[in-house]
Structure formats: structure tokens, C-alpha cells
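Grab a pencil and work through these exercises with the model open beside you. Try each task before you read its solution.

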There are 2 protein chains.
Amino acid sequence: MISSPHNQHLKTIRKLQDKRHRERTGLFAAEGEDLVDAAGRAGLEAELVLVAEVDVEPELLDAVSTLGSGTRVVGVFRQRFADPGGALSVWLEGVADPGNVGTIIRSAHAFADGPVVLGPGCADPYGPKAVRASMGSIFARPPARAAFEALAGTTVALASGTGAELSEVELVEPVTLCLGAERGGLSPEVLEGASAQARIATRPDGPDSLNVAMAAAVSLHECAHRMAAHA
Amino acid sequence: MISSPHNQHLKTIRKLQDKRHRERTGLFAAEGEDLVDAAGRAGLEAELVLVAEVDVEPELLDAVSTLGSGTRVVGVFRQRFADPGGALSVWLEGVADPGNVGTIIRSAHAFADGPVVLGPGCADPYGPKAVRASMGSIFARPPARAAFEALAGTTVALASGTGAELSEVELVEPVTLCLGAERGGLSPEVLEGASAQARIATRPDGPDSLNVAMAAAVSLHECAHRMAAHA
């Protein structure tokens with residue numbers, strides 16, 4: 001039973017809150033039974049698992065937790081990255097909020113066969129907030145990394161207020177939905193380089209734009225539904 | 001210029017972080033220019049607005065902010081509640097996470113003409129996290145409160161894994177989409193009492209369930225699209 005805060009395993013977990021340490025080691029931490037269970041279901045072996053009261057004194061584990069309420073279990077896993085691909089996938093540009101990145105990884109897990117592909121300026125998908133927001137989908141569906149230019153097939157640039165309605169856009173597989181952050185949106189290069197620009201139809205008296213995680217969920221669901229109907 | 005932390009206005013703002021104080025006074029605070037601007041666009045007059053460096057010393061305003069980064073402006077507004085109604089609306093049960101409540105208020109603003117109707121066990125829509133997550137939609141579309149039994153028209157109970165696919169469910173206006181929290185789901189009374197049970201089609205290798213805010217966005221978008229096509 002670990003009873004010293006200077007224990008090497010605890011230090012490892014704490015250091016993995018730091019992005020540079022995650023990059024240097026290629027590891028990340030997942031907190032809580034749900035996430036550690038999700039890793040198991042995805043067939044992943046942990047590099048390290050610490051369970052409160054079994055492996056470590058509970059207050060020491062709480063002290064290295066990023067959760068305000070502390071945690072009963074922490075697993076350390078090796079980061080994995082997929083290749084871009086699939087009949088339907090998502091590419092993100094400048095989505096710097098880790099909660100949005102994690103939520104979109106989860107939505108893609110629900111609706112798409114391809115991964116979430118991270119372009120420039122995106123949050124680290126293996127940071128604690130992103131991992132938590134993915135609700136374990138990061139294990140089942142590791143993200144990919146690629147520049148826009150590397151995408152193959154139909155690229156649909158989602159933008160507020162411009163382009164055709166998404167429901168009118170032709171979807172020739174493979175399809176990649178391209179989304180930018182709510183404020184900044186996609187860069188001009190992507191808007192011009194994409195196969196099509198599309199917008200999600202919202203009410204005229206609705207908000208000016210949609211949160212990127214909402215836009216991703218809605219557009220993934222719509223495209224998945226249309227592509228299944230034509231399959 | 002307010003220069004004392006004991007100023008009555010600052011105390012009011014701080015106290016409004018407390019749900020009981022919000023209930024007692026019928027007021028709430030909105031932090032940040034975007035939210036205060038959204039109130040103005042919705043035609044709402046503030047009970048009180050404090051602008052850093054104009055009305056108050058910046059560090060004193062930061063001290064009563066719920067944002068880690070502090071804020072430049074805080075407005076205090078009167079809470080408003082709408083009546084249930086509209087051709088399309090949402091009813092929530094047990095959605096205790098304020099971020100989800102606020103996000104759903106925003107999605108309803110984007111896709112529905114009716115309000116978000118709060119059933120039992122939901123977070124206060126006027127708490128700081130909910131207001132922030134609504135991105136100002138709480139001003140344009142104040143929520144309603146009602147028991148399930150009070151809903152009129154077609155009630156569609158969204159549930160994971162049971163019922164028909166939402167795309168197959170007949171939508172006779174007015175339609176209320178009923179959603180529960182991801183874990184607890186809807187109560188048996190609601191599942192049995194609803195006009196129809198429906199599920200959002202997800203991949204067989206996808207996650208077991210959807211976050212309630214994602215489910216709300218996807219189902220609102222789908223129903224709005226179908227109802228517009230038949231209008």
C-alpha cells in the first residue's frame with residue numbers, strides 16, 4: 001500500500017496533468033472507474049492502475065486527481081493515434097477547448113466509423129478534460145492527426161450562415177466533416193479548399209452560431225443517417 | 001467608482017451565486033460582455049450592471065466573479081419563466097448538470113420554437129454555469145417549468161436502446177421531446193405515459209448511451225427538419 005506522497009507512481013500520475021510530460025512519455029491518465037472500465041472493454045492494458053485502499057491510501061490518490069471530488073481509481077495508459085479514414089469522419093481546426101474535443105470524440109464514436117482527425121490548434125485529446133468528456137470513447141476510437149491537405153475524398157466545411165444546407169450537400173464517400181471553433185471558424189484555406197461548404201439549418205430567430213460540439217453531433221448524426229439510407 | 005468590497009451591489013452579485021438567494025430574489029447574474037450583450041439584444045433591461053474601471057475597481061469585480069479568469073462586466077437581471085408551448089419543445093427530467101441544462105436551452109433556441117421545460121430534479125437554469133452554457137439563449141428563450149402530466153400533444157420519450165428509431169416516430173404537433181439524465185434516464189411513469197418511446201440510432205459498436213445535451217441537439221435538429229419538411 002502506497003503511503004508516501006513521494007511515491008514514483010503518484011508522481012507519474014501528477015506529472016501527466018502536464019501536456020509536455022504527456023508528449024514526452026506518450027502516456028496519459030484516466031481517472032475514475034468508468035474510464036478505466038472503458039479501457040478494459042476496448043481491450044487496452046494499463047501501464048499502471050492504482051485503486052484507493054487497495055494500492056494506495058485514498059487521500060494520496062485524491063491529491064493527484066484533477067477531479068474536485070477526488071477519485072477511487074486512476075489508470076495510466078499509452079496514447080494511441082489512428083490513421084484518418086472511414087466512410088465518415090470529422091476533422092477539427094482550432095478547437096482549443098478540451099471538453100469540446102472529448103465530446104466530439106464521443107459523438108464520432110456514436111455516429112461515424114472514422115476517427116476524429118485533429119488539425120492545427122486543437123486541444124490535446126489526452127488531457128484530463130478531453131479524456132473525461134470522451135466518456136471512454138477515446139479508448140474505443142483513438143483520434144488521428146492530419147493537415148487538411150492530407151484528407152481524401154469529400155470534405156464538407158461546416159460554417160455558420162454560408163453555403164448550402166447540409167441536407168442538400170452531396171455525400172460521396174469517404175466524407176470528412178470539417179469544423180472550426182465557434183468563434184474563429186475554419187480558416188479561409190479550408191473553406192476554399194473543401195469540396196463543399198455547408199451550414200446546419202437553424203431558426204431565423206435562433207442563435208448566430210452553434211457550439212462546435214453541438215454542430216459536430218448534429219452533422220454527424222445527419223450524415224450517418226443519410227449515408228446509411230443510401231448504403 | 002466602487003472601491004469597497006463591502007459595497008451593496010457587489011454583495012448582491014456574490015449572493016446570487018447561491019441558489020436560495022436567486023430563488024428568494026428572483027434575480028440572477030450574467031457575467032461577461034457576451035451575455036450582457038445578449039440580454040440587450042433580447043430587449044431585457046438589467047436591474048444592475050457593473051463595468052470594470054467604469055463603475056468598480058476591476059479586482060473587486062473579479063472577486064465576485066464565478067469565472068476563474070475574472071470578468072469585465074456583470075449584469076443582474078430578473079429571472080423569467082415562459083409557459084410550455086410551441087410546435088416543438090423539450091421537457092427534461094432529472095438533468096441535474098447545469099452545463100447540460102444551459103446547452104439544451106441553446107440547442108432549443110437554435111432548432112425549436114418552444115421552450116425548454118424543466119421537470120423534477122433539474123439544475124437551476126439561472127445558476128452561473130447554466131447561464132454561461134446557454135451562451136445568452138436563456139435571455140432569448142426563457143425556460144418553462146411543468147410536470148410531465150401537464151404537457152399537451154405528442155410526447156416522445158427518448159431512451160437508449162428501446163423504442164422505435166426517432167426517424168420512424170410520427171410527429172403530430174405539438175411535439176415535446178422528453179429527455180432524462182444520461183445515467184438515470186426517464187422515470188418509468190414518463191416512459192409509460194409518453195405518446196411514443198424513441199431512440200436515436202447509433203452505431204452498434206458505438207457508446208451505450210449519449211450525453212443528454214448531445215441527444216437533445218440531435219433529436220431537436222431531426223424533428224425540426226422533419227416538421228419543416230411537412231409544414
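**Exercise 1.** Find which strands helix 3 of chain B lies across, and at what angle helix 3 runs to strand 3.

*Solution.* Step one: locate helix 3 of chain B at residues 33-41. Helices (H or I, at least four residues) and strands (E, at least two) are DSSP runs, numbered from the N terminus. Step two: look for contacts, meaning residues whose C-beta atoms, placed from the backbone, lie within 7 Å. Helix 3 of chain B lies across strand 1, strand 2 and strand 3 of chain B. Step three: compare directions, and you get about 40° to strand 3 of chain B. Axes here are lines fitted to C-alpha atoms, for helices over the stretch in contact, and angles run from 0 to 180 degrees between N-to-C directions.

Before you go on, keep in mind that this is a predicted model: local features need pLDDT of at least 70, side-chain atom pairs count only at pLDDT 80 or more, and totals for chains, interfaces and linings use all residues. Residues are numbered from 1 along each chain as its sequence is written, while chains are lettered from A and ligands numbered from 1 in the order in which they are written.

**Exercise 2.** Work out the strand order of the sheet in chain B, then say which strands stand at its edges.

*Solution.* Start with pairing: two strands pair if DSSP finds at least two bridges between them. In chain B, three strands make an open, antiparallel sheet in the order 1-3-2. Strand 1 (27-31) and strand 2 (48-51) of chain B each have a single partner strand, so one side of each is left without a neighbour in the sheet. On average, neighbouring strands of this sheet are turned by 15° against each other, direction ignored. Now zoom in: strand 2 of chain B is joined to strand 3 (residues 73-78) of chain B by four bridges. One pair to look up is L48(B) with its bridge partner V76(B) in strand 3 of chain B.

**Exercise 3.** Describe how helix 5 of chain B packs on helix 9 of chain B.

*Solution.* First, the geometry: the two axes come within 9 Å and cross at roughly 10°. That makes helix 5 of chain B roughly parallel to helix 9 of chain B; the cut-offs are under 35 degrees for roughly parallel, over 145 for roughly antiparallel, 65 to 115 for roughly perpendicular, and oblique for the rest. Last, sort by class: the contact has nine nonpolar, four polar and no charged residues. Here Ala, Val, Leu, Ile, Met, Phe, Trp, Tyr, Cys and Pro count as nonpolar, Asp, Glu, Lys and Arg as charged, and the others, Gly among them, as polar.

**Exercise 4.** Which residues make the contact between helix 9 of chain A and helix 9 of chain B?

*Solution.* From helix 9 of chain A, the contact uses M214(A), A217(A), V218(A) and H221(A), and from helix 9 of chain B it uses M214(B), A217(B), V218(B) and H221(B). Six of these residues are nonpolar, two are polar and none is charged. Zooming out, the contact between the chains takes 20 residues from chain B and 20 residues from chain A.

Technical notes
Two residues are in contact if their C-beta atoms, placed from the backbone, lie within 7 Å.
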